[in-house]
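Hi,

Here is the structure I promised to pass on. Have a look first, and my notes on the charges follow below.

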Amino acid sequence: MQSVYNTYSLEKEIFSPIEPGKVRMYLCGPTVYNYIHIGNARSSVAFDTIRKYLEWRGYDVNFVSNFTDLGDKVIAQGEKEGLTEEEVADKYADAFLEDVAALNVEAATSRPRATQYMEEMVHFVEKLMAEGMAYEVNGNVYFRTNQFKNYAVLSHQNMDELKKNAAGRLDGDDQEEKENPTDFALWKKEVRENVTSWPSPWGPGRPGWHLECSVMNDVLLGETIDIHAGGIDLVFPHHTNELAQSESYHGKTFVNYWLHNGFVNINDEKMSKSLGNFVTIHDLLQDPSIDPQGLRYFLAKTQYRRPVAYSRARLDQAQQELTKIYRTMRAVAKKAGNTGEVSADLSEQVHLLEERFIGAMDDDFGVENALTVVFEALTLANRSLEAGEPAAGLQLIENHLQNWLHIFGIDHCEEDHQLSDEVKRLLERRAQARKEKDFALSDELRDALKENGVAVKDGRDGQTIEWL
């Protein structure tokens with residue numbers, strides 16, 4: 001039976017979607033004003049892994065993830081680069097899609113932009129005002145948090161704690177005109193020249209950040225959704241405010257399961273643009289020594305709620321683990337086929353491995369335990385190869401491994417490197433050196449090949465290579 005950890009209840013709960021066989025899932029996407037760092041990518045990878053598992057289990061997943069394509073960060077970046085707000089949003093939205101595609105993140109069912117839903121946002125605010133849940137001051141509209149029962153329930157703080165935290169996180173510039181420190185902006189007036197604004201009954205302005213996601217959820221997924229996902233830093237204020245305004249608007253439960261991923265830490269600090277201690281995915285993917293699937297695997301191999309400790313050494317270790325996966329999968333692919341029969345013993349072993357894999361992933365997407373099963377299956381594959389298992393048996397193992405590895409974003413295990421002319425020349429010289437028993441030169445050439453990202457092994461059939 002599948003269970004997920006719900007941030008709302010702080011407990012694991014049996015997962016039961018609203019519609020049998022279907023999952024409505026929303027992931028808060030990026031504000032598109034810069035390249036995403038590895039902490040942002042962790043959220044995309046973690047919930048893509050969860051989505052892929054749900055799809056493998058037979059669910060039809062309607063996966064919506066937005067772009068916030070407006071706001072002060074977009075405006076500031078435009079001024080810095082000499083671009084319009086729209087040009088900034090287009091540039092970094094395209095970069096985001098390119099980067100996550102390289103990490104084998106499946107395209108969202110819908111990738112809405114906030115600026116596409118202004119009419120719906122204005123209507124949403126009008127209804128909240130009509131019901132006494134919001135008020136207008138000087139062209140700004142605020143949500144009355146003290147009118148919503150259990151406002152603090154998702155953040156698991158009391159109202160005094162929220163008021164204490166509010167000054168630094170909730171529209172601090174406008175605190176004096178609010179009825180309550182925790183009230184948050186649904187609509188913000190805009191009076192600056194050359195800054196995009198939209199018409200409303202309260203004057204030109206733009207929506208509050210929290211309003212955007214509530215409206216896009218409502219339009220694309222409905223009044224109540226199965227899963228709302230995002231980083232743990234979004235619990236308060238963003239998701240707390242989404243919940244309050246959406247449930248006030250519809251009078252119904254907004255989200256059945258709140259899922260939040262842990263941070264990526266560097267030097268024991270949360271990685272973030274504001275702290276300046278971040279590494280962008282865009283830069284990492286420019287490094288020829290980094291396999292995009294290795295970077296994906298590094299991010300996917302830690303259970304989504306746990307923090308990830310980033311370092312280049314840990315990334316290299318993950319890439320080494322992936323190299324072992326590649327090696328076995330390539331060896332199995334060469335021998336797998338339809339000939340022969342699958343022994344009852346092998347069939348039972350694979351069946352038991354699959355049961356354990358499902359059990360691990362059904363327990364709040366326990367990827368660490370699931371990967372233990374994957375590596376046991378890889379060991380079984382290697383033993384079966386050594387034992388001369390018929391092709392059909394190897395095909396059975398390969399099929400299961402391909403399914404499981406797909407969940408972790410590992411879909412391309414075939415060798416896809418092209419030998420450069422320099423590597424070809426070095427290999428030819430080394431082969432000749434070994435033929436002439438010039439082992440000192442052979443070792444020098446081995447080191448030169450290693451500098452070119454190629455490891456050489458010697459066997460009865462001559463030298464073979466692996467990519468580092």
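**Charges and salt bridges**

The chain carries 50 positive and 77 negative side chains (Lys and Arg count as positive, Asp and Glu as negative; His and the chain ends are not counted), and the centres of the two sets lie 5 Å apart. Each charge is placed at NZ of Lys, CZ of Arg, CG of Asp or CD of Glu.

Before the details: this is a predicted model, with local features needing pLDDT of at least 70 and side-chain atom pairs pLDDT 80 or more, while totals for chains, interfaces and linings use all residues. Numbering runs from 1 along each chain as its sequence is written, and side-chain values use heavy atoms, without hydrogens and water.

There are 24 salt bridges (a side-chain nitrogen of Lys or Arg within 4 Å of a carboxyl oxygen of Asp or Glu). One of them pairs R206 with D72 at 2.9 Å, N to O. Those two sit 134 residues apart, R206 in strand β8 and D72 in helix α2 (DSSP runs, numbered from the N terminus: helices are H or I, at least four residues; strands are E, at least two). R206 is buried at 8% relative accessible area, whereas D72 is partly exposed at 46% (buried is under 20%, exposed over 50%, partly exposed in between; 1.4 Å probe, protein chains only).

Another bridge joins D90 and R113, with the closest N and O atoms 2.7 Å apart. D90 lies in helix α3, and R113 in the loop between α3 and α4.

R446 of helix α15 also reaches D458 of strand β14, 12 residues apart, at 3.2 Å, N to O.

Cheers
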